[in-house]
Amino acid sequence: MSSVNQGFWTENKADPKRNYRFQVKLTSGAAEGTAMDTGVIWFAKTVDKPEITVQTAEANYMAHKFYYPGSVEWNEITLVLVDPVSPDAAQATLKMLEQMGYLGPEGSRTNPITPTKTASFEVIITQIDNQGVALETWTLKRAFITTLGFGQLDYSNEDLSEISMGLRYDWATCKVRDEEVPFFGNQG
């Protein structure tokens with residue numbers, strides 16, 4: 001082990017990244033005029049960090065199989081929000097769906113279009129340290145809602161109401177302490 005790695009485990013002032021230190025923001029088109037459009041979403045409970053799947057191709061050559069990397073897919077993430085009374089997260093998420101073009105059967109008379117990506121937005125997930133300084137910032141590009149779940153009501157528990165959002169995006173960039181990570185920062 002190098003001395004740098006050993007220092008982390010032996011230094012009493014080491015402060016590793018923690019799962020509970022994060023912020024989520026939605027930008028440009030994220031339910032304009034609602035709590036989702038005002039900066040950090042303080043009622044975000046959990047969020048997935050991006051995940052990549054590299055598709056593989058198989059080639060058979062005589063009695064052997066060989067595998068080659070193929071296209072890269074950015075997998076869908078889930079954002080779970082607590083649904084406070086004020087601001088109302090249910091209203092804000094439904095407004096986001098409406099801005100994507102979904103108006104329901106009654107609205108189809110006045111707006112007969114289907115949802116589009118014109119109202120896509122960016123999701124910014126920032127992992128912070130104990131002072132609130134950004135350690136790692138993921139920006140999900142051209143995101144849109146794929147699923148909305150408004151929780152479950154149950155007389156047997158006192159949990160807070162939650163909303164889950166499935167989000168699909170085209171790609172993501174990553175900054176580590178204000179430095180773009182190579183490759184991810186090259187797309188625009």
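What share of the contacts in the protein chain with a separation of 6 or more comes from residues 24 or more positions apart? Such residues account for 60% of those contacts, where a contact means heavy atoms within 4.5 Å. The structure is a predicted model, in which local features need pLDDT of at least 70 and side-chain atom pairs count only at pLDDT 80 or more, while totals for chains, interfaces and linings use all residues. Residues are numbered from 1 along each chain as its sequence is written, and side-chain values use heavy atoms, with hydrogens and water left out.

## Overall architecture

The protein chain contains 3 helices and 10 strands, which follow one another along the sequence in the pattern α-β-β-β-β-β-α-α-β-β-β-β-β. Here helices (H or I, at least four residues) and strands (E, at least two) are DSSP runs, numbered from the N terminus. Of the 188 residues in the chain, 31% count as buried; buried means under 20% relative accessible area, exposed means over 50%, and partly exposed lies in between, with a 1.4 Å probe and protein chains only. The chain exposes about 12,600 Å², of which carbon and sulfur atoms supply 52%; these areas come from the Shrake-Rupley method with a 1.4 Å probe, and for residues only the protein chains shown count as cover.

In soluble globular proteins, nonpolar side chains tend to be buried together. In this model the largest nonpolar core has 30 residues, a nonpolar core being a set of buried Ala, Val, Leu, Ile, Met, Phe, Trp, Tyr and Cys residues joined through side-chain atoms within 4.5 Å. Those with the most contacts inside this core are Leu79, Leu81, Phe121, Val123, Leu140, Met165 and Leu167. The elements that give two or more residues to the core are β1, β2 (44–47), β5, α2, β6, β7, β8 and β9.

Helix α2 (residues 89–99) has Ala89, Ala90, Ala92, Thr93 and Met96 as buried residues. They lie on the same side of α2, because they cover an arc of only 165 degrees around the axis, the arc being that of the directions from the helix axis to the C-beta atoms. The cover over the buried residues of α2 includes β1 (22–27), β5 (77–82), β6 (121–128), β7 (134–149) and β8.

Thr93, with a relative accessible area of 0%, is buried, and its side chain reaches the backbone oxygen of Ala90 at 3.0 Å. At the start of α2, a side-chain oxygen of Asp88 comes to within 2.9 Å of the backbone nitrogen of Ala90. Each of these is a polar contact, that is, a pair of N or O atoms within 3.5 Å; within protein, one atom must be able to donate a hydrogen and the other to accept it, and residues adjacent in sequence count only if both atoms are side-chain atoms.

## Aromatic pairs

The structure holds 2 aromatic pairs, which are set out below. Rings of Phe, Tyr and Trp (its six-membered ring) pair if their centres lie within 6.5 Å, and planes under 30 degrees apart count as stacked, over 60 as edge-to-face and the rest as tilted.

| Pair | Type | Centre to centre | Between the planes |
|---|---|---|---|
| Trp42 and Phe43 | edge-to-face | 5.2 Å | 85 degrees |
| Trp74 and Tyr169 | tilted | 6.1 Å | 55 degrees |

Trp74 lies in strand β4 (residues 64–74) and Tyr169 in the loop between β8 (162–168) and β9 (171–176), so this pair ties together parts that are 95 residues apart in sequence. Both Trp74 and Tyr169 are buried. In the other pair, Trp42 is exposed, with a relative accessible area of 59%, whereas Phe43 is buried, at 3%.

Thr46 is found in strand β2 and counts as partly exposed at 39% relative accessibility. Not counting residues up to four places away in sequence, Thr46 touches Phe22, Thr78, Leu79 and Val80.

Most residues other than glycine have a negative phi, and most peptide bonds are trans. Met62, however, has a positive phi of about 55 degrees although it is not a glycine; Met62 is found in the loop between β3 (52–61) and β4 and is exposed at 73% relative accessibility. Arg142, in strand β7, also has a positive phi, near 55 degrees, and is partly exposed, with a relative accessible area of 40%. Finally, a cis peptide bond with omega of about 5 degrees joins Ser86 and Pro87, and Pro87 lies in the loop between β5 and α2.
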